[in-house]
Every structure is written in structure tokens, then in C-alpha cells.
Amino acid sequence: MEGERGRGHAPPRRSALLGVIALGGVIGAEARYGLGLAWPHTPDRFPWSTLVINVSGCLLMGVLMVVITEKVAPHPLVRPLLGVGVLGGYTTFSTYAVEAVQAVDAGRAWVALGYVVATPVLAVLAVAAGAAAARSLVRAS
């Protein structure tokens, strides 16, 4: 199915590709910012909002990759828009690293260690869960 992706569409121009990535990045970053405002935390608290953002973004990435590689042959700009732009702008592994350091600086080394270990493990599991769920839905349809 990989070879059929984008069939019938001309390759996107570089300017269009960069434009949709930028647009998606704005949408994803705004969604992340909004969730951060709705669920704020301080360095003395566990950064639940960032963990949920990163794990949910990875779950959606698993779903997206199955849908656009196994179910439909989308326009060539769909993957850069949604995968690179929206989900790349939504997830924030740089914030995760900063928050881990902030937890250490706040004297919460065990919280930082748990956060550093849990985030990538949950992220990988979320991608696998999203892909598995999408595949089961694709087979059922």
C-alpha cells in the first residue's frame, strides 16, 4: 500500500509543503497551548498536562499513520500537514525535558526520574495502541 499513497497526485511544490507544515504547526501548537492553560502546573507539581499532550499526540500519530498508509491514498500534503505540522506542533518533548530539569531543581529528583522514564515508554505504547486500534477499525470497515 505504501507505493499507492498519493497516487494520482503530482508531488507537492516545496512552498506548498512548507506552507502546510507551518499551518499544521500553528494549529498543533495552539491546541497544546490551550491545554497547558486549561491544566497548568508548577515545578513542584507533576507535569500531567505535558505528559497527556505527548502521549495523546503519539496515540494520534499511530492512528494517522495506519489510516494514511493502509486505508486511504491521501493527497500528498495530508501527511506533512497532519503528521509533521499538527502533531509535531502539538507534542512537546522539549518541554518534557525542561520540566524534568525543573523538577530536579525543585528538589524532586524521584518525580523527575519517573517522568523521564514514563514519558517515552508511554509514548511508544500509545503509538502502538493507536496503530492497533486503527488497524482493527480498518479491518472492520
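The axes of helix 2 and helix 3 cross at roughly 170° and come within 9 Å of each other. This crossing makes helix 2 roughly antiparallel to helix 3. The model discussed here is predicted.

Reader: Which residues of helix 3 meet helix 2?
Author: The helix 2 side of this pairing includes I53, S56, G57 and L60, as well as M61, L64, M65, I68 and T69. Across from them, the residues in helix 3 are V78, R79, L82, G83, L87 and Y90.

Reader: What is the order of elements from the N terminus on?
Author: The secondary structure of the chain comes to five helices and zero strands. From the N terminus on, the elements therefore run α-α-α-α-α.

Reader: What share of the contacts in the chain between residues at least 6 apart in sequence join residues at least 24 apart?
Author: The C-alpha trace spans about 55 × 35 × 20 Å along its principal axes. Of the 141 residues of the chain, 29% count as buried. Among contacts between residues at least 6 apart in sequence, the share joining residues at least 24 apart is 79%.

Reader: Which helices are included in what covers the buried residues of helix 2?
Author: Helix 2 has 24 residues and reaches 33 Å from its first C-alpha to its last, close to the 34 Å expected at 1.5 Å a residue. Its buried residues include S49, T50, L51, I53, N54 and G57, and C58, G62, L64, V66, I68 and T69 are buried as well. What covers these buried residues includes helix 1 (14-38), helix 3, helix 4 and helix 5.

Reader: Is T50 buried or exposed?
Author: T50 lies in helix 2. Leaving aside neighbours within four places in sequence, T50 is in contact with H41, T92, T95, Y96, E99 and Y115. Because its relative accessible area is 4%, and the cut-off is under 20%, T50 is buried.

Reader: What separation do the C-alpha atoms of T92 and T50 have?
Author: T92 is found in the loop between helix 3 and helix 4 and counts as buried at 6% relative accessibility. Not counting residues up to four places away in sequence, T92 touches R32, T50, I53 and N54. Although T92 and T50 are 42 residues apart along the chain, their C-alpha atoms are separated by 7.2 Å.

Reader: Which residues does the UniProt annotation "binding site" cover?
Author: One of the annotated residues is found in helix 3 (residues 78-90), and another in the loop between helix 3 and helix 4. According to the unreviewed UniProt entry, the annotation "binding site" covers G88 and T91.

Reader: At what distance does the side chain of T91 reach the backbone oxygen of L87?
Author: Not counting residues up to four places away in sequence, T91 touches R32, I53, N54, G57 and C58. The side chain of T91 also reaches the backbone oxygen of L87, at 2.9 Å.

Reader: Which residue has the backbone oxygen that the side chain of T69 reaches at 2.4 Å?
Author: T69 is found in helix 2 and is buried, with a relative accessible area of 16%. At 2.4 Å, the side chain of T69 reaches the backbone oxygen of M65.

Reader: What does helix 5 reach from its first C-alpha to its last?
Author: Helix 5 (residues 109-140) has 32 residues. At 1.5 Å a residue, the expected value is 46 Å. The reach from the first C-alpha to the last is close to that expectation, at 46 Å.

Reader: Which helices are included in what covers the buried residues of helix 5?
Author: The buried residues of helix 5 are A112, Y115, T119, A123, A126, G130, A131 and A134. Y115 is also in contact with T50, which lies in helix 2. What covers the buried residues of helix 5 includes helix 2 (48-71) and helix 4 (93-105).

Reader: How far apart are the end C-alpha atoms of residues 110-134?
Author: The unreviewed UniProt entry gives the annotation "transmembrane region" for residues 15-34, 46-68, 80-98 and 110-134. Over residues 46-68 the chain is 91% helix and 0% strand, with the end C-alpha atoms 35 Å apart. Over residues 110-134 the chain is 100% helix and 0% strand, and the end C-alpha atoms are apart by 35 Å.

How values were computed:
Residues are numbered from 1 along each chain as its sequence is written. This is a predicted model: local features need pLDDT of at least 70, side-chain atom pairs count only at pLDDT 80 or more; totals for chains, interfaces and linings use all residues. Side-chain values use heavy atoms; hydrogens and water are left out. Helices (H or I, at least four residues) and strands (E, at least two) are DSSP runs, numbered from the N terminus. The expected span of a helix is 1.5 Å times one less than its number of residues. Buried means under 20% relative accessible area, exposed over 50%, partly exposed in between (1.4 Å probe, protein chains only). Contact means heavy atoms within 4.5 Å. UniProt positions are given in the numbering used here, feature names are shortened, and annotations may be inferred rather than shown by experiment. A polar contact is a pair of N or O atoms within 3.5 Å; within protein, one must be able to donate a hydrogen and the other to accept it, and residues adjacent in sequence count only if both atoms are side-chain atoms. Axes are lines fitted to C-alpha atoms, for helices over the stretch in contact, and angles run from 0 to 180 degrees between N-to-C directions. Angles under 35 degrees count as roughly parallel, over 145 as roughly antiparallel, 65 to 115 as roughly perpendicular and the rest as oblique.
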